[in-house]
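Please look over this model with me. My notes follow as numbered points.

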Amino acid sequence: MREKVRRHLGKVLTGAALAAAGTAAMVAVTLPGTAGADESGGSGGGTRAARQTGPGPDAAPPGVVERAPAEAERGTGRDPLTDDELGRVEKAALAGRLSALGENVTGARGPQRLSIDLAEPEAGETDDPDAPRRADVAFYDYKNDTLVTKTVNLGTGKVERTDTQRGAQPPPSRAENAEAARLLIASPLGAGLRADYKDATGKDLTSPDQLELSGGIYRAAPGAQPAVLDACGTHRCVRLFSKVRNGPWIDTRDLVIDLSARKTAALDRG
């Protein structure tokens, strides 16, 4: 198989990590490790296990699965956001022009949600047990390539602050990684990825759902990429780490997907 994949992207990777080398800056990504080695014993151990008819005298009693306690609608203090709070916060943040005029990664109406996090206490509120809880909701609006962060008061449900930045590029969301893979699979530059996938599985690659994906933001550096990627940094551009589900890694580091322009390009490694 290895001789086959050299004709495609170069190699199918089976290690636990990939180096993100290159002249362009990119958000660091930690890749999950491969499964551990089989720790079962030899044939003698298997024979001994077969002879055992029950737990030993020091065996722990069987576990009991208990129902998880019901989650409260609202947290207190620095408690993590509850499911109810997450829903209310996103609804409040999307109200108004952003929902009507924004655009997500697929081109549909409404901005792309990136994250919802409990906001840090404001000055003078750190030791106040009755300080209001707030949440920061981050969206990326592909309509005009802006990062929009709204701070919502969890008690009142009102947006207290809106911060808009151009050129700020947080790590891509799961939905953005999936859309980047979808564009790559459909692109002529995805031919190697498709071929390597078929070599590894015997099946055609037609959907991002067939891959395990993580990604990092790519920013343009002078002279370090083809001209089609010069806008990366202002545009939202992603490099993918692609893994066959329950299988090997496929090296796609030299391919960049411009999600704003919906284009793909290959970096020149000389």
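1. First, a term. On a 1 Å grid over the protein atoms alone, a pocket is an open set of points where a 1.4 Å probe fits, with protein on both sides within 12 Å along at least five of seven lines; lining residues have an atom within 4 Å of a point.

2. The model is predicted: local features need pLDDT of at least 70, side-chain atom pairs count only at pLDDT 80 or more, and totals for chains, interfaces and linings use all residues. Residues are numbered from 1 along each chain as its sequence is written, and side-chain values use heavy atoms, without hydrogens or water.

3. Which residues line the largest pocket? They are Arg174, Asn177, Ala178, Pro208, Asp209, Leu211, Glu212, Leu213 and Arg245. Helices (H or I, at least four residues) and strands (E, at least two) are DSSP runs, numbered from the N terminus.

4. The structure holds one disulfide, meaning a pair of cysteine sulfur atoms within 2.5 Å. Cys232 and Cys237 form it, with sulfur atoms 2.1 Å apart. The torsion about their S-S bond is about -85°, so the disulfide is left-handed.

5. Are these cysteines buried or exposed? Cys232 is buried, at 6% relative accessible area. Cys237 is buried too, at 0%. Buried means under 20% relative accessible area (1.4 Å probe, protein chains only).

6. Now helix 6, residues 191-201. Its buried residues are Gly192, Leu193, Ala195, Asp196 and Tyr197. Gly202 follows helix 6, with a positive phi near 80°.

Definitions and conventions: Buried < 20%, exposed > 50% of the residue type's maximum accessible area, 1.4 Å probe, protein only.
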